Amino acid sequence: MLLGTAQAVAAILHNHEDMFTLGAALDKGDEIESILYVHPMDTNIQLDGYTEEWQAYLQNLSRYPEQGEAVFEYLLGERGSYLYLLLKVRDDRILYQQPGERRMDRSDFIELAVVNPDGNLAIYRIASSSPGWVNAKRMSTKNKDPYPISTEVRIQGEWQERDDGYTLELRIPRYLVGEHMALRVADVDDPVSRKIESSISTTPIEQIGTSGRLIRPNPEMARVIGGLEHENARIWVLDRYHRVLARRGHLRPADEEQHSNTLIDAGIQSILHPLFRLVLDQSSDHFIDEFAGRSRLQGSEIKAALAGTPQTRRHATPDHKAMILSSAWPVRSPDGIVGTVLVEQSTNQILSLQNNALERLFGITLILFVITSLGLLGFATLLTDRIRRLHHQVEAAVTPDGRIQGELNPSKSKNEIGDLGRSFSSVLNRLSEYNHYLEAMSSRLAHELRTPLTIVKSSLEILETTSSSGEQQRYVTRAREDTERLGLILHRMREATRLEQLLLQTEFETFDLANLVRVATESYRSAFPSILFEVEVQSQALLWKGAPDLISQALDKLVANAVDFHAPGSTIRLQLKTDPKQINLEIINQGTSLPDGMKNELFKSMISIRQ
């Protein structure tokens with residue numbers, strides 16, 4: 001993306017070599033060292049001889065000479081209608097102007113040569129008799145007269161000493177300066193002879209009309225690249241000598257972009273952000289920007305682009321708090337490569353987006369996990385409560401010694417707990433019936449066996465005392481009959497057991513219940529010819545799914561009871577009635593009524609009521 005942006009800007013600047021004024025100037029024979037770069041300044045400069053207001057620009061100090069030990073360093077800035085000049089001169093012995101001395105060549109001095117907007121050359125010298133406020137003196141341009149022509153009060157400044165020399169701050173109105181300027185620093189060390197020991201200048205005075213050009217960032221170029229500016233990206237336009245001609249954008253995001261956009265994000269960050277900071281790599285916008293404010297940039301991608309090859313580079317900031325991605329694309333003209341476009345962006349934004357996405361994803365996942373956990377906890381609590389209630393009901397229904405003392409109300413819910421409750425209810429009901437059967441078994445069995453055992457016992461006792469063969473035979477017969485009666489009782493008990501097993505093992509089938517009743521009635525008429533049987537059954541087939549053999553056996557038992565207990569001469573009637581919900585099969589006879597309290601006991605095991 002950065003390389004594409006650089007290519008787009010370079011395409012716009014193609015064939016606009018007129019904007020690359022530095023390249024045009026050098027083509028006329030200027031040397032790179034003679035170019036004076038004017039930095040746009042964002043801060044106010046107070047003329048006090050100190051560099052606090054210049055801190056953001058000190059990395060752009062130009063040194064003279066470039067090779068060897070520097071004699072002086074300078075920085076030229078522009079703000080409003082003034083040019084500001086900062087000079088840091090290295091001098092092991094500062095020699096000030098003598099009081100009252102008018103000559104400007106018998107002490108350390110600074111010379112400023114400019115070509116004003118009218119094209120005329122003007123030379124100004126600044127010397128001082130002591131640290132403090134200074135004004136410039138205008139010198140003659142026609143000869144080397146050391147005496148000033150006049151005092152130029154519009155050029156003002158402050159001279160301050162340093163440990164290794166002195167610092168000079170100057171303020172120059174813009175209307176005094178055209179497109180050319182040269183600086184010269186003269187050093188006088190001998191207080192007796194006061195001769196100039198050395199002199200270093202940016203451009204010889206006699207060549208200032210053709211060199212010593214002032215270079216400023218091109219506002220038209222800045223306007224052109226402003227339309228392609230990317231968020232949190234910085235675009236540079238450089239000439240072929242790495243000088244900055246235009247710059248737009250910033251590497252650091254605006255303050256408002258650092259805050260979360262939603263209440264959820266803010267809540268997540270406020271709660272989990274300390275944890276995320278321990279786990280995730282955090283971006284920092286407080287990193288050292290090595291290119292900030294520079295007027296000349298160096299880099300392998302810039303060098304490659306000026307050689308004609310677009311290139312990208314990834315490098316860490318000097319403090320290693322951020323990674324910078326940069327792409328350079330050459331700017332071509334019919335005369336060749338006149339410059340390059342450099343686009344930079346910090347990876348902090350990508351890292352911030354990644355961290356925000358991970359934090360948001362983890363936060364939402366955590367919220368969903370908490371909600372799901374609470375839901376599962378609530379559901380588990382509900383199930384536990386229902387199981388606990390079922391446990392209490394079972395405990396209340398069964399005594400500690402295993403006796404069933406109550407019923408378990410079956411649940412109506414259609415889930416596993418409801419099924420379990422209904423299963424427990426069914427099991428308890430069956431166990432209750434079986435326990436009741438076992439409890440009644442002993443008393444009823446004793447009742448059934450007592451009479452025949454008594455008869456057998458008495459018959460055996462009488463046999464021991466009688467000698468008559470006839471009497472003995474009669475009592476032996478009676479004992480045998482009661483013994484057979486005991487066997488019949490045991491047989492009926494085994495038959496009841498087999499019947500229960502048969503009920504569990506029988507498979508159901510579809511049969512005609514109406515026809516079964518009609519056929520059974522004909523059989524009863526044949527078996528009991530002296531008894532009148534009536535049948536009331538529908539003529540059409542009544543299909544039913546069940547066990548026809550067991551239903552026939554049940555009919556046999558009921559009809560046998562009806563035959564035993566019916567009033568002589570009365571009719572036994574079999575009825576088969578249907579309605580939408582059930583089928584009623586009834587055997588009706590006239591006879592003695594059941595004893596009171598026996599209706600609920602009639603269908604239990606081992607029940608027999610006979611006179």
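This is a predicted model: local features need pLDDT of at least 70, side-chain atom pairs count only at pLDDT 80 or more; totals for chains, interfaces and linings use all residues.
Phenylalanine 533 is buried at 3% relative accessibility, where buried means under 20% relative accessible area, exposed means over 50%, and partly exposed lies in between, with a 1.4 Å probe and protein chains only. Its ring forms an aromatic pair with phenylalanine 528, a residue that is partly exposed, with a relative accessible area of 29%. The centres of the two rings are 6.4 Å apart and the planes make 40°, so the pair is classed as tilted. The rule is that rings of Phe, Tyr and Trp (its six-membered ring) pair if their centres lie within 6.5 Å; planes under 30 degrees apart count as stacked, over 60 as edge-to-face, and the rest as tilted.

Residues are numbered from 1 along each chain as its sequence is written, and side-chain values use heavy atoms, with hydrogens and water left out.

Let me turn to a sheet. Strands E19, E21 and E22 form, in that order, an open sheet of 3 strands with mixed pairing. Here helices (H or I, at least four residues) and strands (E, at least two) are DSSP runs, numbered from the N terminus, and two strands pair if DSSP finds at least two bridges between them. The edge strands, each pairing on one side only, are E19 (532-536) and E22 (583-588). From one strand to the next, the twist averages 10°; axes are lines fitted to C-alpha atoms, for helices over the stretch in contact, and angles run from 0 to 180 degrees between N-to-C directions.

Strand E21 (residues 571-578) pairs with E19 in the parallel sense, over 5 bridges. Within this pairing, glutamate 536 has glutamine 575 of E21 as its bridge partner. Two helices accompany the sheet. Helix H10 (residues 548-565) packs on the sheet and touches E19, E21 and E22, with contact meaning heavy atoms within 4.5 Å; the direction of H10 makes about 30° with that of E22. Helix H9 (residues 513-527) lies across E19, E21 and E22, and runs at about 170° to E19.

What covers the other end of the numbering? I begin there with strand E1 (residues 36-40), in which 4 of the 5 residues are buried. Strand E1 is joined by 2 bridges to strand E12 (residues 214-215), and the two run parallel; leucine 36 has leucine 214 of E12 as its bridge partner. Strand E3 (residues 72-79) also runs parallel to E1, with 3 bridges between them, and histidine 39 is the bridge partner of glycine 77 in E3.

In the loop between E1 and strand E2 (62-64) lies threonine 51. Threonine 51 is buried, with a relative accessible area of 19%. Leaving aside its neighbours within four places in sequence, threonine 51 is in contact with Leu58 and Leu86.

Finally, I return to aromatic rings. The count of aromatic pairs comes to 7, and one aromatic cluster is formed by Tyr64, Phe72 and Tyr74. Arginine 171 lies over the face of tyrosine 82, at 5.1 Å from the ring centre; a charge sits over a ring if NZ of Lys or CZ of Arg is within 6 Å of the ring centre and within 35 degrees of the ring normal.
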